[in-house]
Amino acid sequence: MKKNIFKSFKYAAEGIVTTFRSERNMKIHCVMMCLVIIAGFVFRISIAEWVTCIILFAAVIAAELINTAIEAVIDMVMPEKNIYAKTAKDAAAGAVLVLAAASAVIGLIIFIPKFLSLIL
């Protein structure tokens, strides 16, 4: 039983690493996450704001992983161009975009007042 659990974690980690290495957008999400973490320490955000940021980090990274999985499966089963495959891939990418945009807006809501308080 323990071997299976450890293997599951190993495979999950491999999926994250593979996606990070192969997907430009995953790298962008991770860079943005690091910048937000730095800003969080600099601006001393509250526990509730940290929790919000962590949930959003996880959601965006998870969405990117799911998008990558969907794209990989579609490429495997439908290597030739197909309008339905394109629709599925575009919809999955669109879902990540919606989540990332909402996360950015929430980040601005958290950080703009803190930044303005420094300069005003």
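In the predicted model, 68% of the contacts between residues at least 6 apart in sequence join residues at least 24 apart. The protein contains four helices and zero strands. Its elements follow the order α-α-α-α from the N terminus.

The overall dimensions were computed next. The radius of gyration is 18 Å, whereas a compact globule of 120 residues would have a value near 14 Å. Along the principal axes, the C-alpha atoms fill a box of roughly 55 × 45 × 20 Å. Buried residues account for 23% of the 120 residues.

Part of the surface is a nonpolar patch of about 750 Å². The patch is made by L108, I112, F115, L116, L118, I119 and L120. L120 is placed in the segment after α4, a helix that spans 83–119. The relative accessible area of L120 is 81%, so this residue is classed as exposed.

The structure holds four salt bridges. One of them pairs K10 with E14, with the closest N and O atoms 3.2 Å apart. Both residues belong to helix α1 (residues 2–22). K10 and E14 are four residues apart there, about one turn of the helix. K10 is partly exposed at 48% relative accessible area, and E14 is partly exposed at 38%.

K86 and D90 form another salt bridge, with an N to O distance of 2.4 Å. These two residues lie four apart in helix α4, so about one helical turn separates them. Both ends are partly exposed: K86 has a relative accessible area of 48%, and D90 has 41%.

A further salt bridge links K89 and D75, whose closest N and O atoms are 2.6 Å apart. K89 lies in helix α4 and D75 in helix α3 (residues 47–77), so the pair ties together parts that are 14 residues apart in sequence. K89 is partly exposed, with 22% relative accessibility. D75 is also partly exposed, with 40%.

Disulfides number zero in the structure. The cysteine sulfur closest to that of C30 is in C34, at 6.8 Å. C30 is buried, with a relative accessible area of 18%. C34, by contrast, is partly exposed at 44%.

Conventions: Residues are numbered from 1 along each chain as its sequence is written. This is a predicted model: local features need pLDDT of at least 70, side-chain atom pairs count only at pLDDT 80 or more; totals for chains, interfaces and linings use all residues. Side-chain values use heavy atoms; hydrogens and water are left out. Patches are made of residues with over 30% relative accessible area and no salt bridge: like charges are joined within 9 Å, nonpolar side chains (Val, Leu, Ile, Met, Phe, Trp, Tyr) within 5 Å. Accessible areas come from the Shrake-Rupley method with a 1.4 Å probe; for residues, only the protein chains shown count as cover. A salt bridge is a side-chain nitrogen of Lys or Arg within 4 Å of a carboxyl oxygen of Asp or Glu. Buried means under 20% relative accessible area, exposed over 50%, partly exposed in between (1.4 Å probe, protein chains only). The radius of gyration is taken over C-alpha atoms; the globule rule is 2.2 Å times the number of residues to the power 0.38. Contact means heavy atoms within 4.5 Å. A disulfide is a pair of cysteine sulfur atoms within 2.5 Å.
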